[in-house]
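Me: I've got a model open and want to talk through how it's put together. Can you walk me through it?

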Amino acid sequence: MSHLHLPDGVLPPWIWVGSLILVLVTLVFAGRVIDPRRIAYQGSLAAMMLAAMAVPLGPLDFHLSLAGPVGVLLGAAAGFQVMFVVSLILAFIGHGGLTAVGLNTLVLGLSGATASLVYGGVARRMKAAPALAVATAAGQIVSGLLWFGVVTLALRAPQHPASLSATPPRLEVVSAVMIAFWMLGLLIETVVAFGIGRFLSRVHPGLLPALSGESA
């Protein structure tokens, strides 16, 4: 549920073109506030996200995204850059179409930005591990709502490629399946974020923004 696995031709142009324009504008503004000395760090976390997304958890092709922890560690602006690069690479390897790059960047970027903001608020009142878990859960909830909205628009859109059925699936059936997987994904991402927070607080607490005094 962390990003869209939609191939090219499914989404109507007004959705994917509009999202791509929004992403490019956001990248321009994000580039003005990012420290270029952290590019290598951004690259390493992008590689970690790609590795996590390449490992299916079970037979249903579900995988982690790590968007929440990456958003907290990098901050909203740098995290958004990483989400764009990750979404673009995933499209080139067939993990969603090129027309889904903009939407996937928005979904992942929203998750990372939300997690970063929430972590900044809760880290002063709790330890790093639960704070990272709460922040990741919040990011997953907000980005999940965007994901659900995009899928709903795609199902209701009049454009359907010839390879798909002319009759779209019933929205209530799709919703029931998506919500079940969303809840499962939310739980798994939160538990993994707790583990990452606990590990970092023990071996390298300076990487955690609130503990090191760095701004997100």
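Me: What share of the 216 residues counts as buried?
Reply: Of the 216 residues in the chain, 45% are buried. Buried means under 20% relative accessible area, exposed over 50%, and partly exposed in between, with a 1.4 Å probe and protein chains only. Keep in mind that this is a predicted model, where local features need pLDDT of at least 70, side-chain atom pairs count only at pLDDT 80 or more, and totals for chains, interfaces and linings use all residues. Residues are numbered from 1 along each chain as its sequence is written, and side-chain values use heavy atoms, with hydrogens and water left out.

Me: How many helices and strands are there?
Reply: The chain has 8 helices and 0 strands. Helices (H or I, at least four residues) and strands (E, at least two) are DSSP runs, numbered from the N terminus.

Me: And what share of the contacts joins residues at least 24 apart?
Reply: 75%, among contacts between residues at least 6 apart in sequence. Contact here means heavy atoms within 4.5 Å.

Me: OK, the core. Which residues touch the most other members of the largest nonpolar one?
Reply: M49, V70, V82, V86 and Y119, out of 31 residues in that core. At least two core residues come from each of α2 (39-53), α3 (67-74), α4, α5 (101-122), α6 (128-156) and α7 (171-203). By nonpolar core I mean a set of buried Ala, Val, Leu, Ile, Met, Phe, Trp, Tyr and Cys residues joined through side-chain atoms within 4.5 Å.

Me: What does V86 touch?
Reply: Leaving out residues up to four places away in sequence, V86 touches A46, M49, L50 and M53. There's also a second, separate core of 10 residues, with L4, L11, V150 and M178 among them.

Me: Switching to α3. Why call it largely enclosed?
Reply: Because 8 of the 8 residues of α3 are buried, the rest of the structure largely encloses it. Those are A67, G68, P69, V70, G71, V72, L73 and L74. After α3 comes G75, with a positive phi near 95°.

Me: How do α3 and α5 cross?
Reply: Their axes come within 7 Å and cross at roughly 55°. The axes are lines fitted to C-alpha atoms, for helices over the stretch in contact, and angles run from 0 to 180 degrees between N-to-C directions. That makes α3 and α5 oblique to each other. Angles under 35 degrees count as roughly parallel, over 145 as roughly antiparallel, 65 to 115 as roughly perpendicular, and the rest as oblique.

Me: Left-handed or right-handed?
Reply: The α3 and α5 crossing is right-handed. A crossing is right-handed if the near helix is turned clockwise from the far one by less than a right angle, and left-handed if anticlockwise.

Me: Which residues make that contact?
Reply: A67, G68, G71 and V72 from α3, with L108, S111, G112, A115, S116 and Y119 from α5. They divide into 5 nonpolar, 5 polar and no charged.

Me: What about α1 and α4, at what angle do they cross?
Reply: The axes of α1 (residues 13-31) and α4 (residues 76-92) cross at roughly 135° and come within 9 Å. That makes α1 oblique to α4, and their crossing is left-handed. V23, T26, L27, A30 and G31 of α1 meet A77, F80, Q81 and F84 of α4. This contact has 6 nonpolar residues, 3 polar and no charged.

Me: Where's G96, and what is it in contact with?
Reply: G96 is in the loop between α4 and α5, and it counts as buried at 10% relative accessibility. Apart from neighbours within four places in sequence, G96 is in contact with L4, H5, L6, L90 and A91.

Me: Last one: is V10 buried or exposed?
Reply: V10 is buried, at 13% relative accessible area, and lies in the segment before α1. V10 and A154 are 7.2 Å apart, C-alpha to C-alpha, and 144 residues apart in sequence.

Note on methods. Ala, Val, Leu, Ile, Met, Phe, Trp, Tyr, Cys and Pro count as nonpolar, Asp, Glu, Lys and Arg as charged, and the others, Gly among them, as polar.
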